[in-house]
Amino acid sequence: RSLTKVLAEDLAWLEEHARKQATSEPVARAAELHLAGALVRNVIGPFLEGQPPLPLHVAVVGGAGAGKSTVANMLCGAVLAESNPQAGFTRHPVAYAPSTAPLQLPSSLGFLGTLRRLDQPQPSSLDADVYQVRRISTEAGQFGVLDKYLVWDCPDMTTWAATGYVPRLLEVTALADVVVYVASDERYNDEVPTEFLRLVLRSGKMVVVCLMKMREADAPAFVVHFRREVLDRMPALPVSTLTVPQLTHAQLVDPSRHAPVYRVPIVNQIFVLGEPPMHARQRTVRSATTYLTTHKDHLLSVARDDLLALQGWRELIKEGQLEFDARYRREYLATEKFRRFDEALVRLLELLELPGVGRFASMALGVLRMPYTWAKQLFTNVLARPETGTMPERQILEAALSGWIDTLRKE
């Protein structure tokens with residue numbers, strides 16, 4: 001638990017660091033790091049603690065006005081998600097679950113980041129770091145996917161630069177076992193939703209693309225165009241691409257009875273991806289760990305300049321230490337006269353004198369060498385420079401240390 005918490009906190013530090021950098025894409029880099037941290041908190045942490053696979057999670061994401069609420073209602077089998085002509089009406093995640101089934105959400109440290117669960121139902125437009133779970137009757141969801149999945153109606157990501165509800169969207173996206181990406185024929189190639197889709201596909205999530213609001217006759221051509229203009233440029237492909245044309249009021253009010261031809265393919269696709277539940281959850285965990293390990297250099301790149309600067313700083317300190325040692329040897333050890341050593345050497349030579357006849361021979365040789373010794377000493381005194389006094393050892397050490405510190409202060 002503690003190691004998972006540390007890893008998530010480190011990724012959160014990198015995310016904040018990315019937001020402070022003066023780069024051309026600080027928000028996009030911060031989003032990548034937030035998703036990575038959310039994968040640790042919401043997927044890997046609960047799995048390591050033995051969280052049961054059910055319920056699985058399906059997140060409905062997309063740009064403003066794309067039709068996310070319509071898709072969420074199709075998955076649930078009833079009109080549950082709030083829809084509003086106001087762009088960005090849904091500002092915090094809302095999950096839908098059956099009223100009869102027990103709901104066991106993970107209790108691991110940091111689950112869903114800063115989001116706290118609401119005790120009472122609130123409008124979807126509540127702009128706060130919260131999430132809520134709405135219970136629905138069995139009749140409403142009898143033909144939906146609610147027996148295995150928790151269906152999350154998420155905020156849109158159109159206001160990508162906002163620091164408000166986009167992180168909430170990333171938390172649920174990381175949690176999801178299946179992501180339904182919704183795009184309309186009017187804004188299918190907007191930059192921000194397209195980049196979000198790229199990020200989700202790169203993370204290894206199971207993605208189902210649902211194209212909305214086109215004329216029914218234009219649906220096949222729209223799919224071909226979307227694949228060519230958007231999907232062919234992605235790092236991976238979605239599981240499938242489905243279409244839901246512009247629906248009538250009756251179809252929107254009761255999709256189970258009046259729009260089964262569009263609803264059933266979506267529901268069946270989600271069911272297939274969730275069978276069996278344990279394999280679906282293991283797939284989610286495996287994709288999360290693969291993303292973290294294969295993209296670790298990319299995730300750390302926001303701090304690459306800092307790491308290079310730290311490496312340069314350490315090398316500078318090492319060079320200063322070597323210069324400190326060299327200066328101490330040059331200015332003190334190389335010039336210091338060790339008189340006690342000289343006296344000990346004289347005494348040692350005296351002890352090595354040969355006894356008896358050897359002493360007289362040594363004295364005779366000394367007399368013979370005396371003229372040479374005097375001449376050598378004379379020339380040495382004439383040519384040699386006068387000896388200078390050696391600086392005290394403490395003074396040399398303090399001067400070398402001051403020079404070292406001055407270099408570091410200058411750097």
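On a 1 Å grid over the protein atoms alone, a cavity is a set of points where a 1.4 Å probe fits but cannot get out, and its lining residues have an atom within 4 Å of a point. The model here is predicted: local features need pLDDT of at least 70, side-chain atom pairs count only at pLDDT 80 or more, and totals for chains, interfaces and linings use all residues. Residues are numbered from 1 along each chain as its sequence is written, and side-chain values use heavy atoms, leaving out hydrogens and water.

**Exercise 1.** Find which residues are closest to the centre of the largest cavity.

*Solution.*
- Begin with the count: there are three cavities of 30 Å³ or more.
- The largest has a volume of about 130 Å³, where a volume is the space filled by probe spheres set on the points, joined across faces, edges and corners.
- Of its 16 lining residues, Asn42, Gln51, Pro106, Leu175 and Arg281 are the closest to the centre.

**Exercise 2.** Work out which helix gives the most to that lining.

*Solution.*
- Helices are DSSP runs (H or I, at least four residues) and strands likewise (E, at least two), numbered from the N terminus.
- Helix H2 (26-48) and helix H10 (277-294) each supply at least two residues.
- H2 gives the most, with four residues.

**Exercise 3.** Describe the second largest cavity and what lines it.

*Solution.*
- Its volume is about 60 Å³.
- Among the lining residues are Gly63, Thr158, Tyr181, Arg187 and Asp190.
- Strand E6 (residues 178-184) provides the largest share of this lining, four residues.

Definitions and conventions. 1 Å grid on protein atoms, 1.4 Å probe; cavity = no way out; pocket = protein on both sides within 12 Å on 5 of 7 lines; lining within 4 Å.
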